[in-house]
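Me: I want to go through the labels on this model one by one. For each, tell me the cut-off, then set the value against it.

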Amino acid sequence: GSGLLFPLIASELCLYRYDMRTAAVTPLGIMAPATMPDVAARSPAMVFEIDQLRTGIFRYDFPAGGGPVARSEQLFASSGGDLMPAVSPDGGMLAFVSDRSTQVQLWIGAIGRPETLRPIEGLMPVTRHLPVWSPDGRRLLVIAVIDGRQELREIEVGSDVSRRLPVPAETPVYAAYTDRPDRMLVGNDGGEGRLRLALYDTSRPAWRELASIDDVALAKFDPQRKRVYFTRASRPGLWSSDTDLRNVALVEASQPYP
């Protein structure tokens, strides 16, 4: 009962120990992608798995009139694990997370043009939620770890320059664009394991919170309906609100699960 062992994707997948007395987190120093640790109850021994899983991102074409689905096509060959694909609004670009370079990085490329695939240098994405494209496909939002801190970063696609967005919250968890260039939705850690969704006025260097909803596990903006759809961490279901985070309505009581 002196500590906890857990795997964590940092620059690579490693095992760490959390000390219950000091709250210190230290790597175990196992030189392998270790996961699933299990410590013996009456012996100073531990077993774990070495993750050698390789995953790819595939495309399936669905015939317009029904019928059998065409054979899958891998978009970008990889020797590592490719996860969390996000397609640009025009369907031409793909952003995803991969450890193909032995480090966890965000990768961007044009679909059907493997020579355009490149990593975004200088940031390590948090592998929890998909990258989010702007409506015009020129920018990306991603939660990344920089110098041990979790930040919301915006990437200019093309120059691939990323910049920290000045979210007035300590730990941003997810984000979404809206139909206004001076408004942004950001999910923040509200403390005690609860998340909250906030709407910010981004027209000035110091962002200002305009509205918020508590207990929001993940939120996405629908530009066609101009509605915010979200799930909660405390119970299953799908909710929606207007762009000002007002007029909250329950859309579906049982699905999806957060």
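Reply: Start with aromatic pairs. Rings of Phe, Tyr and Trp (its six-membered ring) pair if their centres lie within 6.5 Å; planes under 30 degrees apart count as stacked, over 60 as edge-to-face and the rest as tilted. A search of the whole structure finds four such pairs. The model is predicted: local features need pLDDT of at least 70, side-chain atom pairs count only at pLDDT 80 or more, and totals for chains, interfaces and linings use all residues. Residues are numbered from 1 along each chain as its sequence is written, and side-chain values use heavy atoms, with hydrogens and water left out.

Me: Why is the pair of Phe6 and Tyr16 called stacked?

Reply: The centres of Phe6 and Tyr16 are 6.0 Å apart, with 20 degrees between the planes. The limits are 6.5 Å for pairing and under 30 degrees for stacking, so the label holds. Phe6 lies in strand 1 (residues 3-9) and Tyr16 in strand 2 (residues 13-19), so the pair ties together parts ten residues apart in sequence. Strands here are DSSP runs (E, at least two residues), and helices are runs of H or I with at least four; both are numbered from the N terminus.

Me: What makes Phe6 partly exposed but Tyr16 buried?

Reply: Buried means under 20% relative accessible area, exposed over 50%, partly exposed in between (1.4 Å probe, protein chains only). Phe6 has 26%, so it counts as partly exposed. Tyr16 has 14%, so it counts as buried.

Me: What makes the pair of Phe76 and Phe96 stacked?

Reply: The ring centres are 6.0 Å apart and the planes are at 20 degrees, so this pair is stacked. Phe76 sits in the loop between strand 7 (73-74) and strand 8 (82-87), while Phe96 is in strand 9 (residues 93-98), 20 residues apart. Both Phe76 and Phe96 are buried.

Me: How do you know that Arg196 and Glu209 form a salt bridge?

Reply: A salt bridge is a side-chain nitrogen of Lys or Arg within 4 Å of a carboxyl oxygen of Asp or Glu. For Arg196 and Glu209 the N to O distance is 2.8 Å. That is inside the limit, so the pair qualifies. Arg196 is in strand 19 and Glu209 in strand 20 (residues 208-214), 13 residues apart. Glu209 is partly exposed at 36%. The structure holds 16 salt bridges.

Me: Why does the pair of Asp214 and Arg196 count as a salt bridge?

Reply: The N to O distance for Asp214 and Arg196 is 3.9 Å. The limit is 4 Å, so the pair passes. Asp214 is exposed, because its relative accessible area is 51% and the label needs over 50%.

Me: How do you know that Asp222 and Arg225 form a salt bridge, and which of them is buried or exposed?

Reply: The closest N and O atoms of Asp222 and Arg225 are 2.8 Å apart, so they meet the 4 Å rule. Asp222 has 13% and is buried. Arg225 has 59% and is exposed. Elsewhere, Arg180, Asp182, Arg183, Asp201 and Arg208 are linked in a network of salt bridges.

Me: What makes the link between Ser134 and Asp136 a polar contact?

Reply: A polar contact is a pair of N or O atoms within 3.5 Å; within protein, one must be able to donate a hydrogen and the other to accept it, and residues adjacent in sequence count only if both atoms are side-chain atoms. The side chains of Ser134 and Asp136 are joined at 2.6 Å. Ser134 is in the loop between strand 13 (132-133) and strand 14 (139-146). At 0%, Ser134 is buried.

Me: What puts Arg100 over the face of Trp107?

Reply: A charge sits over a ring if NZ of Lys or CZ of Arg is within 6 Å of the ring centre and within 35 degrees of the ring normal. Arg100 is 5.3 Å from the ring centre of Trp107. Arg232 lies over the face of Trp239 at 4.8 Å. Both distances are within the 6 Å limit.

Me: Why are strand 15 and strand 16 said to pair?

Reply: Two strands pair if DSSP finds at least two bridges between them. Strand 15 (residues 149-156) and strand 16 (residues 161-164) have four bridges, in the antiparallel sense, so they pair. Glu154 has Arg163 of strand 16 as its bridge partner.
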